[in-house]
Amino acid sequence: MTKRLLEAKQVTAAYHTPDGREVRAVDNVSVFVNEGEILGCAGESGCGKSTLGNVLALTARPPLYPISGTLNIDGQVLELGQNNKVPRTWRGSVVSMLPQGALNSLSPTAKIRGLVVDVLKSHGTKLSKDECLDLARDRMKNLGLPTRALDSYPHQLSGGMKQRVITVISTLLNPRLLIADEPTSALDVSSQRALVEMLREMLNQDIMKGVIFITHDLPLLKTISDRVAIMYAGQIVEVANSEDIAERPRHPYSKALLNAVLAPEEDTLAKRVEGIKGSPPSLAKPPSGCRFHPRCGLAMDICTQVMPRAQGNELQFAKCHWSQQHPHEPIRIEDVLRRNDEIEAPVLIKKEA
Amino acid sequence: MRFSVRFYVAAGLVVLVLLAALLGPFLIGVDPNTSIGGLYDKPGVHPGFGGILGTDNEGQSVMSNLLYGTRTSLLVGLIAGIVASAIGLVIGLIAGYAGGLVEEILMGLTNIMLAIPSIVIVILLSVSLPQRNIFTLALVIGITSWPWTARAVRAQATSVRTREHIEVAKMSGANFWSILVWDVLPYLLSYVVMAFVLQVASAILTESSLSMLGLGPSNIVSIGMMLNWALAWGSIRVGAWWAFIPPTLMLTLIAFSLFLLQSSLDELFNPRLRRGKKVKAGVVTPDQDDEFLPEAGSAAGPAALMEAAVVDRTREEARP
Amino acid sequence: MGLGRYLLRKALWYIAALFVALLLNFLLPRLIPGNPVDALVGKLAQGGAGSDQLQTIYEHYVKEFGLDKPMWEQFLVYLQNTFTGNLGTSFMQYPASVNKLIGDALPWSLAIQLPAVIIGWLVGNLLGAVAAFKGGWFDRGAFVGSLFLSSMPYYCLAILLLFGFAVWQPVFPQGRAYSIGLTPEFSMPFFMDAISYWWLPFWSLVLIFIGGQAVGMRSMAIYELGSDYVNYGRGLGMRDSQMVRYIFRNAMLPQITGLALSLGGLVGGALITELVFNYPGMGSLLFTAISANDYPVIQAITLIITVTVLVANFAVEVLYGLIDPRIRATQGGDKS
């Protein structure tokens, strides 16, 4: 029996727009991660996967506000709420984030070693400066990274190296859970593989106990993660073992997403989900019932009114009325895309412009 | 488009100044060049609109001088702004779009001109002018202040150069100039308008500086000339505040309203043109292509205000 | 290696700029129809100077400028004179050398400008940074105030200050740099006297300089506040004080260049501020030189201003290259 690492229950988080409205980018989402597990998280851009990552990494900041939900990370419990303070030292030690390294995640004028020392010091380490650096050096050696990177400025490192160095820094404090938000999206294929192997190795070395890996890169997700959660319009519509989801998706959206041309570059929403026309609904005014029903070829009357319940257990489920009624029937892509002709195309063109 | 409060305030002030300059001279009915009284008569001594701000060192109406002077200053500012923007636009566009050696040469020239303080060249040119009227002065100011417009335009044009629709235009056989005018220029227009506003503001200030140094236009009143007379005739020392406070405030008002207008225009135009990341590349990292320092934080370098406004907007987007 | 190349490249550009400045300085006054010396001699003749004396003066200038030689040779003469530190002879106060006039005026200009630059830069950046961090009404007030100040011409504030604090409420003495009857000397009484005259010109420069710097620093700091590394640092649970250090360091870099560039504006503005206060610096000297068509003095002043600004800018580039690690790398060959 594997131990549960993360129990995030009924997490809701919203952006406050300038005109005073509330956009629920994460709506009543529950996520569970077991020890030693990598949970992948995928979906179109704007589906709320990065927002979920921010909330779980405890880094939500205005205009994003966590509204409700409970986090239990390896026994440490936190009630989410607009006014509930997150203990600062939880970040980095209980749960840590791994950002995309191609962004300016490192201050351009500070050497890596400076950041290493600062991170450890801000968590009240009793280690001296040299001991801090020794710790980082050991860690890098174990993971097969050149230790001279410590004495470099960020711009002196290649993209792949920068990403791996950031990974080491993110896990310096042995966080129990690591939230990786698109860490590979700016890397070439070999750097991607190196990073993925490193994450696996770190799990094996027990540096961290679990990873949530957010990406739009589905093939990569299949190779790296144990389970995959598919998000749509602020909700998780399906969670399954990565084998299962590739071969036997139980939600039409998962099917359509996997069927789409798996373009490696981001921002080409149209290409990525080629096949499903239309764009994800506005989260300010989500559709009634199943949020996917306006684009779904399998939609039935009930779908427009009743939000489907999760079928399965908390580690593997799908939320779909059709699947519920057809438990053993595989979803056929032609059926899902049946409504393409009805949905007006201009939405896509607008997205591209 | 949503206009900000800042925009309305700025536009209101600018309109106020424009009205004063355009209608004032017709309404006042007092010739700025004739004496209506003695040396520094107090406000109200002379009846009517013309006497409302008293008289200056020659017994002329300060109010009349102020209105005519504002008109002159705005005219100088406009002409100089047009000249500077036109030169800067052409050089920046060609450099940014053509690239290569042309760009190197043009930007080298621009950067050299940027490094030499423009007040120096303006002084030297004005000193050498056989006669100084508002057109020659405006011309002098215009041809010394184009470099930073050129640089700003080049930066924008470079970013446009690589866009897809330019490729399409090229493939469809459009020639260099037609692409420049029809495909590149439209993207820069809002930028050029903002740069123009700043050019006008700084030209007006430069004209005043020149006038105070004794290099102002002859035979015509400008705000700078009023200040020049006020200083030369010791109005401050005798406490004749009506002779120097009005032009001082008018000059400040013009400059402030134009700067404010620019920063609110930036807010308005930019969301469509540039997104956060792009702004970042231009502002924070040192611009490696430039031979000289990027302009920043200078009261005399209005480009700094543009940058300031841009970054300001970035924040407002980030946390509404 | 990278840094060396960077500095060499910059140095070459600044030398080119200097050359252009020298050329303009030399050429522009010579574009005046006729030649300035003829004009001068004509003026002196009206004033009733004897013909022998005129002849001497005329020959002196012809020799000094090399007016009997072709243009390019005149330029070489000009270059030679300039580089040997000989700025020529004043028209207006013949036979006083320009060097002497400048030597008398320059210290006064430096006395108000240098402190204004240094203090204004420090205070302005501090104010801008605090405004950015604090936000709210303090930020709004500081921003609009700074924007207003920075769009105000230096001399406008000077006029207002002079009127307000020397005429209306006579807290400080009016104009000049020291009381009539005193001669400049290094003594306590003279210093105390001079400093009472120094305050107003100083304030009129420093306030506006603060405004400009604060506007720039505020935007930089705000920009850095929203950057990725701040988010990441927060995600790693770093202390706010540590984040502020990172932010400050990055926001500071562009402000260093801001310092150099605002120098040009400040020097120009200070010229007229001196006029307002009748302060015996370069501005006042320039004013009298312009009104007397004293070309050698005008040229010397414009040249000194240019050289000062160029040198200051270059010094800043060197400093920048030393403290910004990115420059060393990007200039070191691979320009990605």
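Start by selecting chain C and colouring by secondary structure: you'll find 13 helices and zero strands. Reading along the sequence, the pattern is simply α-α-α-α-α-α-α-α-α-α-α-α-α. Bear in mind that this is a predicted model.

Of the 336 residues in chain C, 46% are buried. Among contacts in chain C with a separation of 6 or more, 74% link residues 24 or more positions apart.

Next, bring chain A back into view and look where it meets chain C. Here 20 residues of chain C are in contact with 27 residues of chain A. To see the chain C side, select α9 (228–235), α10 (240–277) and α13 (325–330), each of which supplies at least two residues. Which of them gives the most? That's α9(C), with six residues. Colour this side of chain C by class and you get eight nonpolar, six polar and six charged residues.

Last stop: chain A by itself. Where the two touch, 18 residues of domain 1 are in contact with 16 residues of domain 2. On the domain 1 side, pick out β2 (22–34), α7 (218–224) and β9 (227–232) of chain A, each with at least two residues there. β2(A) has the largest share, five residues. By class, this side of domain 1 has eight nonpolar, five polar and five charged residues.

How values were computed:
Residues numbered from 1 in each chain as written. Chains lettered and ligands numbered in written order. Predicted model: local features only at pLDDT ≥ 70, side-chain atom pairs only at ≥ 80, totals over all residues. Contact = placed C-beta atoms within 7 Å. Helix = DSSP H or I, 4+ residues; strand = E, 2+ residues; numbered from the N terminus. Nonpolar A, V, L, I, M, F, W, Y, C, P; charged D, E, K, R; others polar. Buried ≥ 20, exposed ≤ 12 C-beta atoms within 10 Å, placed from the backbone.
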